[in-house]
Amino acid sequence: MKKQIYFFCLATVALLAGNACKKEKGEPVNAYAGKYSLISETNINITTGHSDTYTNAVSPCISDNQTNLKGDGTWTAAYVGTEDCYVSRTDNSYTIIGQKGASASGSWVQSGNRIKFTLSNKSVSYGVVSNVGGKVQLTFKDTSQYFISTSVLMKQ
């Protein structure tokens, strides 16, 4: 059985950002606007309870999943690595977090520390922004029929 986790799943969830102010004369840019890199992902199989956590400390290519929250309220996300990011691989199974050439885009709106991401295809996901160790961190959960995926991105 092959287990594949594609960047679009991450982008759907990870793209949970705040409502940015338009950059016009003297108008401030939203503090959450900027470039974020994936630092960890945890996947829990709802059926079996089995979980896997992948981090950029063990698999540095995870950080090649990058999301840019723009000050005009739009976002783009892309996997910028030159090779697919395999975080585990055995003879009959593999997990990819980041696929070469994968990208997504849409809009983002902020309400307090919650962020709503809308993809170009109109699907929506939500995240929470927090300050961890003096850095802005974006955390979001994606729930499917079989998995709960929690992704954490750190502002660069």
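Modeller: S149 is found in strand 11, residues 147–155. Keep in mind that this is a predicted model.

Colleague: Why is S149 called buried?

Modeller: Its relative accessible area is 12%. Buried means under 20%. S149 therefore counts as buried, at 12%.

Colleague: What makes the pair S149 and N43 a polar contact?

Modeller: The two side chains come to 2.9 Å. The cut-off is 3.5 Å between N or O atoms, with one able to donate a hydrogen and the other to accept it. At 2.9 Å, the side chains of S149 and N43 make a polar contact.

Colleague: Which residues does S149 touch, not counting those up to four places away in sequence?

Modeller: E41, T42, N43, F140, K141 and D142. Touching here requires heavy atoms within 4.5 Å.

Colleague: Now V128. Why is V128 called partly exposed?

Modeller: The relative accessible area of V128 is 32%. Under 20% would be buried, over 50% exposed, and partly exposed lies in between. So V128, at 32%, is partly exposed.

Colleague: Where is V128 found, and what is it in contact with beyond four places in sequence?

Modeller: V128 belongs to strand 9. Leaving aside neighbours within four places, its contacts are N113, R114, Q137, L138 and T139. V128 and I115 are 13 residues apart in sequence, yet 6.0 Å apart in space, C-alpha to C-alpha.

Colleague: How do you know that strand 7 and strand 8 pair?

Modeller: Pairing takes at least two bridges. Six bridges join strand 7 (residues 103–111) to strand 8 (residues 114–119), and the strands run antiparallel. Q110 stands opposite I115 in strand 8. Two residues lie between the strands of this hairpin, where G112 takes a positive phi near 65°.

Colleague: What makes strand 8 and strand 9 a pair?

Modeller: Again, at least two bridges are needed. Five bridges join strand 8 to strand 9 (residues 124–132), also antiparallel. T118 has V124 in strand 9 as its bridge partner. This hairpin has four residues between its strands, and K122 takes a positive phi near 80°.

Colleague: Which residues touch the most other members of the largest nonpolar core?

Modeller: W75, W108, F117 and L138, in a core of 22 residues. At least two residues of this core come from each of strand 1 (34–45), strand 4 (74–79), strand 7, strand 8 and strand 10 (135–143).

Colleague: What qualifies a residue for such a core?

Modeller: It must be buried and of a listed nonpolar type, joined through side-chain atoms within 4.5 Å.

Methods:
Residues numbered from 1 in each chain as written. Predicted model: local features only at pLDDT ≥ 70, side-chain atom pairs only at ≥ 80, totals over all residues. Heavy atoms only, no water. Buried < 20%, exposed > 50% of the residue type's maximum accessible area, 1.4 Å probe, protein only.
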